[in-house]
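I opened my notebook to look up a few things in this model. Here is what I wrote down as I went.

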Amino acid sequence: MKSIGSSSVYSICSDVAGVAGNILALALFVSPVPTFRRIIRNRSTEQFSGLPYLYSLLNCLICLWYGMPLISPGIIFVATVNSVGALFQLTYIIIFITYAEKENKVKMLALLVAVFGGFGIIVFTSMMICEPHVRQMFVGYLSSASLVSMFASPLFIINLVIETKSVEYMPFLVSLATFLLSSSFFVYGIFKHDAFIYVPNGIGTLLGMAH
């Protein structure tokens with residue numbers, strides 16, 4: 001009975017961490033809304049870049065694939081958070097393409113096709129791997145590398161923040177949400193004994209503290 005009770009508490013704690021991660025991720029996903037309201041209002045993408053949204057879409061797709069039962073059974077919260085994230089990023093990209101100038105529009109469309117093409121190659125390659133454990137490792141390494149690079153990307157503008165003495169380019173609330181998100185999934189990965197979740201999110205937690 002004690003073992004069953006401990007298992008139940010363990011499962012509840014795991015679910016709480018997963019739900020918290022999903023809620024915090026949603027806060028991050030909606031953070032670009034003011035930017036896209038401005039784009040729609042002005043009917044122009046101005047000096048904004050669509051590249052971060054393309055990269056975020058690819059990251060969400062890879063992590064979504066890793067969270068699918070076919071690849072990694074039992075980590076449904078990874079699949080849910082990234083499916084929602086992919087929908088948000090795709091929506092932002094469609095809006096960006098709609099209001100971009102012709103040259104930028106063509107470039108973004110080509111890159112969007114490349115993102116889906118690259119993801120398709122990843123799915124096809126992983127499905128060619130017959131051994132489930134090896135398949136999980138293949139997709140897991142890709143998702144981990146993608147996550148770490150995404151968490152590390154704000155570091156490139158730290159110098160700009162220091163030089164301008166302004167956090168305009170690195171909003172505190174976004175950095176805080178990223179820190180809490182990675183912390184939640186770090187805990188979730190620990191509970192699930194999944195290094196491909198807790199290692200990149202552990203690094204993300206440390207990088208979030210640096211931000």
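Entry: I started with Phe185 and Tyr188, which sit three residues apart in helix 8, so about one helical turn separates them. An α-helix has 3.6 residues a turn, so residues three or four places apart point the same way. Are Phe185 and Tyr188 buried or exposed? Phe185 is buried, with a relative accessible area of 6%. Tyr188 counts as buried too, at 1% relative accessibility.

**Entry: ring pairs elsewhere.** How many aromatic pairs are there? I get a count of nine. One of them is Phe88 with Tyr92: centres 6.2 Å apart, planes at 50°, so this pair is tilted. Phe88 and Tyr92 are four residues apart in helix 4, again about one helical turn. Phe88 is partly exposed, with a relative accessible area of 24%, because "buried" needs a value under 20%. Tyr92, at a relative accessible area of 4%, is buried. I also noted a cluster: ring pairs link Phe29, Phe36, Tyr53, Phe88 and Tyr92.

**Entry: the largest nonpolar core.** Phe36 turned up again here. The largest nonpolar core has 39 residues, and those touching the most other members are Phe36, Leu57, Tyr66, Ile93, Phe185, Tyr188 and Ile197. Several elements give two or more residues to this core, among them helix 1 (2-29), helix 2 (33-42) and helix 9 (195-210). Which element gives the largest share? That is helix 4, with ten residues. What does Phe36 touch, leaving out residues up to four places away in sequence? I found Tyr53, Tyr92, Ile95 and Phe96.

**Entry: Ser182.** Back in helix 8, I looked up Ser182. Ser182 is buried, and its relative accessible area is 0%. Beyond its neighbours within four places in sequence, Ser182 is in contact with Phe151, Asn201, Gly204 and Thr205.

**Entry: Cys60.** This residue lies in helix 3. At 4% relative accessibility, Cys60 counts as buried. Not counting residues up to four places away in sequence, Cys60 touches Asn82, Gly85 and Ala86.

**Entry: helix 5.** I looked up how far helix 5 reaches. It has 26 residues and spans 37 Å from its first C-alpha to its last, close to the 38 Å expected at 1.5 Å a residue. Buried residues in helix 5 are Met108, Leu112, Val115, Phe119, Ile122 and Ser126. What do the buried residues of helix 5 pack against? They pack against helix 3, helix 4 and helix 6 (132-152).

Entry: Last, I looked up the confidence scores. The protein averages a pLDDT of 87, and 86% of the residues score at least 70. Which elements have the lowest and the highest mean pLDDT? Helix 7 (residues 158-164) has the lowest, at 57, and helix 4 has the highest, at 96. Where pLDDT is low, the predicted coordinates should not be read in detail.

Notes. Residues numbered from 1 in each chain as written. Predicted model: local features only at pLDDT ≥ 70, side-chain atom pairs only at ≥ 80, totals over all residues. Heavy atoms only, no water. Core = buried A, V, L, I, M, F, W, Y, C linked by side-chain atoms within 4.5 Å. Buried < 20%, exposed > 50% of the residue type's maximum accessible area, 1.4 Å probe, protein only. Contact = heavy atoms within 4.5 Å. Phe/Tyr/Trp six-rings, centres within 6.5 Å; stacked < 30°, edge-to-face > 60°. pLDDT = per-residue confidence, 0-100. Expected span 1.5 Å × (residues − 1).
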